Amino acid sequence: WGLLLMVALGLEGTAATRCPRPCVCDNLRAHVLCLNGNLTAIPDTIPQLTKKLDLRGNSFTVIPVGAFLDTPYLTHLDLQRCKVERLEEGAFRGLGRLVYLNLASNSIALLYQESLDGLSSLQQLILEGNRIEEIQPGAFGHLGSLTVLDLRANALVYLPDMVFQGLQVLRWLRLSHNALHVLGSEAFAALPALRRLSLDHNELQALPGEALARLDGATRLDLGHNPITYVAEEALAMASLKHLFLDHAALQDVAPDAFARSPQLRTLDLRENQLRGLPPLAGAEGLARVSLAGNPLLCSCLLRPFHDWLVRARVQAEGSCTAPPALRGRPLDSLRPPEMRCGRPQPPLSPTVPSEQPRVDGSGQCPRGCTCSPDFHHGSCENRDLREIPQGFPGDTRLLDLRRNIFGTVPPGAFPGLKELVSLHLQSCSIGVLQPGALRGLENLVYLYLTDNRLSTLAAAAFKGAPRLAYLDLDHNAFTHLPAGAFQLLPNLISLHLQHNAIGELVEGDLAGARGLRWLYLAGNTIGHITPAALAPTKMLEKLHLEGNRLMEVPTSALRGLSALSELKLSRNPIKRMGDSAFLPVASSLQHLYLDNMGLEQISSGAFAGLGPKIRSLYLESNKMSNIPDMSNFTGLEILNLRDVPFHCDCQLLPLRRWIDKLNLHVGATCGSPAEARGLKVKLSTTFQTCPGWGRGKARGAHPEKTKAARKPSKKKRSGKSPARGFKKSRA
């Protein structure tokens, strides 16, 4: 036992000496925290025996192959808010013990087949708040232990067949707050253990009955906040479903036997729709509760059959009458049949039933040198040194991967017979010209990837024949200006990527036709000017990324009319001074504001006018100002980064110091002056003790030194037991 103890202490001591400089290491519990440390790479001196690693708030951009091979004992890994854009294939290899992985609030756009390889024990995967537009089939194939998959708040429009293959024990799939409107009929076919599916806050226009029928064991389904207008006959065949949420949709009618093939249904939430009534719901014998609150219910004789059914079936109903005037406000359960009269014949509501799109079974051989997967409807000719776009793919192909070839030009009609195609990958193909009619016939195309090519201009006719295109990636090309008018034929365009081109300005007409655009990415260009009307067509814009350009001032006038803008990135622009009301045009909607690494020297006292409780995150790190304006009304802040700002810690900064004390956030603010305070955290500086009113702050418990001193005896007592106990912090 003595020998084992010596070995253990030796390992612990080695771990302590290897703690990376910006991190805190708790060797007793095998935890390492590297929060908000401006790290650009995974530290290579993390103790090998670490079990929990918290890397939140750093700047990794890419997680490379084998990034965690030196920490094979990890069980929990947190990479939230690390600006990750790409997971290389094999990034997590060697983490066979990991059970929890949090990648929320990053910028990941695509999940490849091997991105999550090696995570055989993973139970929870959090990918919320990225910009994932597409998941390639097989991406989750190695996650056989996963029970919770969180994909909320991404940019998904389409789910292909078998996309979740391999998730044999998954119990909760969270897909809320995406833009889903197309689901493959076999999208959920490989989820035998699923109990809960969240599809609320998407763009589904009809209940995806065929896809949902594969979920025999699911007991809860969330479909609220989708523009579904009608639930058709036997639309939902889910044998185990108990709780169905269709609230805040656009429902106008429900067929009498809509839920006849879901016999276990117990609660049905239809709040806040456009229903004037319901028919008796045949086959729903187990139903115990129906919520109709917020619907314009017409309590006339037309509602009598439904009311009688409620009484016979002993179903509790919530909701109240909107008409006729004599019954307005009356709860449904208080009505008596004689009261529900019809003065004159009233025709029942006749909703428009959305027609189902025919399913086309393709046929055909795979082109020579390519591979075709009939199960996934997936074709690939990646990196085959092809000079011309191959033809002859099966007609039911939905994903076509032609990356890393040498096409040069995409001619008219380059993709014949592929009207089922949803996703087309043409990255790194030396394409300089996309000819008019190149996408002809691709009527279901949603994703088009043209990243890393040689395009410098585009004509609107190039997109003719692809009216459903929603995601267009044109980053890393040779554009010197936006291809004006090119988006006229793309009424459904949601996301436009133009990062890392050579665009110098945005002018009126550049975005003509892009009226449905929600996300515009322009980072890494040379934009120095944005005219006031340049963004006018994009009234639905939610995200605007302008980081890494040459703007000298906040483009306030160009922001007018963007009433939905929630995220604005201006990082790494040479903006030295920020004037009054800089963000006033978007103050009512803005939630995330990035103003870091700009060399910002002065922020006027009214710069944040109009901003308040809606702001959730504010990034001001790595600037040069010595003070910031009053932000006491920013009561909804979840993230505030003030690292590497040389604050002048005098009495003028005391309100900020007190405000920071009240925040339950790690803000990283340090003093740049006076000399005696330089390098100290603002919260620990003693220069405020001479300020008027300091005693009042101290009385309220705002004096961290006193609290710190009060804890010293207990720290000494603990540290006396073992030199390795507690947190070991480097001299960062």
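These legends go with a few close-up views of a predicted model. Local features need pLDDT of at least 70 and side-chain atom pairs count only at pLDDT 80 or more, while totals for chains, interfaces and linings use all residues. Residues are numbered from 1 along each chain as its sequence is written, and side-chain values use heavy atoms, with hydrogens and water left out.

**View 1. The disulfide of Cys 19 and Cys 25.** The structure holds seven disulfides, a disulfide being a pair of cysteine sulfur atoms within 2.5 Å. Here Cys 19 pairs with Cys 25, S to S 2.0 Å. The S-S torsion is about 90°, so this link is right-handed. Cys 19 is buried at 11% relative accessible area, and Cys 25 is buried at 0% (buried is under 20%, exposed over 50%, partly exposed in between; 1.4 Å probe, protein chains only).

**View 2. The disulfide of Cys 366 and Cys 372.** The sulfurs sit 2.0 Å apart. With a torsion of about 80°, this one is right-handed. Cys 366 is partly exposed at 31%, and Cys 372 is partly exposed at 27%.

**View 3. The disulfide of Cys 649 and Cys 671.** Again S to S is 2.0 Å, but -95° about the bond makes the link left-handed. It ties together distant parts of the chain, 22 residues apart: Cys 649 is in the loop between strand S44 (646-648) and helix H4 (654-662), and Cys 671 is in strand S45 (residues 670-673). Helices (H or I, at least four residues) and strands (E, at least two) are DSSP runs, numbered from the N terminus. Both cysteines are buried.

View 4. Cys 82 is buried at 0%.
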